[in-house]
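Please look over the model shown here before reading the notes. They go from the contact between two chains to the build of one of them.

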Amino acid sequence: MGFENFGTVSFTAEAKVADFITQLEAGKVMATRCRKCGGSYFPPKVDCPKCLSSDVEWFEVKSQGKLTSYTVVNYGPSGFENDAPYILALAKFDDGIQILARLSRGITEKDIKIGMNLTVHPVKLADNRIAYEFIKG
Amino acid sequence: MADRNVCIVGAGMDRWGVREASIVDMAQEAAKDCFDDVPALKKEDIDGLLFASSYCGRSAFQVNAAPVVAERIGIQPTSICTRVDTLCAGGSSGIIMATGLIKAGLADVVMVAGGEKLYTPQRWETYYSEMASIDHDWDGAQGMGLPPPFFSMTAQDHMKRYGTTKEQLSAVSVKNRRNGANNPKAQFQKAVTIEEVINARAVVPPLGLFDCTPITDGCAAVILVSEDKAKELTDRPLVYVRGTAQASLHSMSMNWPGEDLSDWVHLRTAAKKAFERARVSPEDVDVAQTHDCFTISEIIEMEDLGFCKKGEGGAFVESGQSDFGGKVPVNTDGGLLSCGHPFGATGIRQAMEIFFQLQGRAINQAKDAKIGLTHNLSGLNVEHTILIYGREP
């Protein structure tokens with residue numbers, strides 16, 4: 001199992017981080033940390049970009065992130081037309097990582113505050129597809 | 001052998017916009033316009049062609065485009081003939097590479113051409129293709145189309161952090177669309193009022209229709225030669241490549257290197273190096289073409305290029321400091337907002353405008369311009385590319 005069912009549209013089926021999807025199906029959003037130099041990565045990377053070591057470990061992104069910016073997408077790219085409008089948000093996490101994800105459908109623009117706490121969770125989409133999204137708190 | 005100084009001696013482009021023409025048709029039109037600009041040049045003397053295009057393999061279904069273009073414009077390069085891809089900075093990358101080849105004596109007369117055929121018969125294909133230029137596996141799968149949502153987030157951040165206003169964003173569009181109104185090659189040749197910009201329909205708030213560069217078909221071409229050859233070919237003032245830099249700091253995904261989205265640390269890195277190499281400072285720049293893919297981009301570029309202090313880009317533009325009569329006229333030919341943005345061609349179009357400005361023959365002429373600068377950001381703000389030109393080497 002690779003990235004075939006990831007996101008509204010998946011662009012690459014095969015990647016060395018396919019374990020991410022297995023964990024996502026099991027309810028966890030995972031990142032990687034290099035055992036050699038300590039670099040943390042999301043999107044996860046099984047070969048460290050800093051020191052090029054392949055000795056990495058997976059960890060679950062459980063911490064609270066802080067929303068740094070967001071945007072309301074009114075015109076989705078090809079394949080996303082039926083999803084729009086949706087809100088993309090960027091959040092920084094304790095582990096030194098940054099994640100771009102959609103805000104959960106229940107969160108409206110009125111609810112958004114820069115600096116608000118967000119956590120990241122798997123979300124089931126139509127047609128058996130899966131992604132991750134932010135929820136409040 | 002000492003390094004040779006390198007000059008631009010000719011420049012041209014086709015009419016940009018929605019074209020019923022192939023990428024090779026447009027390259028031929030741009031090359032013809034360029035040859036007409038330097039009548040003393042014999043086509044047989046051209047020993048190099050660098051063709052900058054990112055999407056030709058996808059939307060024009062033409063890979064290895066350089067030999068096809070060479071054949072269509074009737075040249076037979078013997079030193080170099082290849083394609084360059086740096087997305088929005090491809091043309092500028094080509095000029096940097098041609099400068100190096102000529103300096104080193106590996107080529108003598110190099111045409112740097114570039115462009116894109118982005119409109120496809122099926123509109124969905126044009127928009128789907130955009131995903132090829134971001135981290136499509138991750139950001140793309142969330143519905144992050146390139147590039148308005150990213151620059152919307154950047155604009156929101158700059159507004160929150162520095163109090164930049166929608167009026168200040170709009171001032172960029174009003175200036176650049178006015179400059180493009182008399183540019184016969186521009187995609188849009190119509191000025192807009194500040195009310196029209198503010199009230200235009202939203203694309204991704206706070207960015208509206210006139211805050212965004214359009215999708216464009218088009219090509220452009222310049223000829224670079226050694227100083228000695230330039231003196232043979234033209235009686236016009238010589239325009240030298242004085243300093244260049246290209247800084248890339250992070251991946252195509254949202255792993256942002258700066259403290260915040262308004263902090264373009266890689267632009268400052270590129271600027272420092274380019275100014276050092278050109279032996280000038282931001283105050284010396286008489287005219288500049290900076291990458292106004294979105295109005296917010298030009299505002300942050302004023303700051304991180306060193307034309308004004310961090311956070312003051314909005315006021316700088318609004319008070320006319322980036323207009324004629326101000327500190328440094330910016331995007332004097334209309335910029336991306338008027339001319340459009342066929343990625344590989346844009347850096348060449350900017351070089352052409354600086355070339356005309358420094359020779360005193362631009363359509364909207366800056367007074368007594370002796371030092372000119374071009375700047376591109378490329379992709380999802382992953383790289384910054386700067387070239388500085390001068391009337392002296």
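How many residues does the contact take from chain A, and how many from chain B? Chain A gives 32 residues and chain B gives 30 residues, where two residues are in contact if their C-beta atoms, placed from the backbone, lie within 7 Å. This is a predicted model, in which local features need pLDDT of at least 70 and side-chain atom pairs count only at pLDDT 80 or more, while totals for chains, interfaces and linings use all residues. Residues are numbered from 1 along each chain as its sequence is written, and chains are lettered from A and ligands numbered from 1 in the order in which they are written.

- On the side of chain A that touches chain B, the elements giving two or more residues are strand S4 (65-73), strand S5 (86-93) and strand S6 (98-103) of chain A; helices (H or I, at least four residues) and strands (E, at least two) are DSSP runs, numbered from the N terminus.
- S4(A) gives the most to this side of chain A, with six residues.
- By class, this side of chain A has 18 nonpolar, 12 polar and two charged residues. Ala, Val, Leu, Ile, Met, Phe, Trp, Tyr, Cys and Pro count as nonpolar, Asp, Glu, Lys and Arg as charged, and the others, Gly among them, as polar.
- From chain B, helix H5 (residues 148-162) lies across S4 and S5 of chain A and runs at about 125° to S4(A). Axes are lines fitted to C-alpha atoms, for helices over the stretch in contact, and angles run from 0 to 180 degrees between N-to-C directions.

**The barrel of chain A**
- Five strands of chain A form a closed barrel in the order S4-S5-S6-S8-S7, with mixed pairing; two strands pair if DSSP finds at least two bridges between them.
- Neighbouring strands of this sheet are turned by 45° against each other on average, direction ignored.
- S5(A) and S6(A) run antiparallel and are joined by five bridges.
- Leu90(A) has Leu100(A) in S6(A) as its bridge partner.

**Domains of chain B**
- Chain B is divided into domain 1 (6-122 + 216-233) and domain 2 (147-214 + 242-390), with bounds that come from an automatic or database domain assignment.
- The C-alpha centres of domain 1 of chain B and domain 2 of chain B lie 23 Å apart.
- The contact between them takes 34 residues from domain 1 of chain B and 29 residues from domain 2 of chain B.
- H3(B) gives the most to the side of domain 1 of chain B that touches domain 2 of chain B, with seven residues.
- The residues of that side of domain 1 of chain B divide into 18 nonpolar, 13 polar and three charged.

**Helix H10 of chain B**
- Helix H10 (residues 295-304) of chain B is mostly covered, with 10 of its 10 residues buried. A residue is buried if 20 or more other C-beta atoms lie within 10 Å of its own, exposed if 12 or fewer, and partly exposed in between, with C-beta atoms placed from the backbone.
- Charged residues are among the buried ones in H10(B), including Glu298(B), Glu301(B) and Asp304(B).
- The buried residues of H10(B) pack against H5, helix H6 (166-180), helix H9 (265-278), helix H11 (313-318) and strand S10 (371-378) of chain B.

**Chain B as a whole**
- The secondary structure of chain B comes to 13 helices and 11 strands.
- Of its 393 residues, 64% count as buried.
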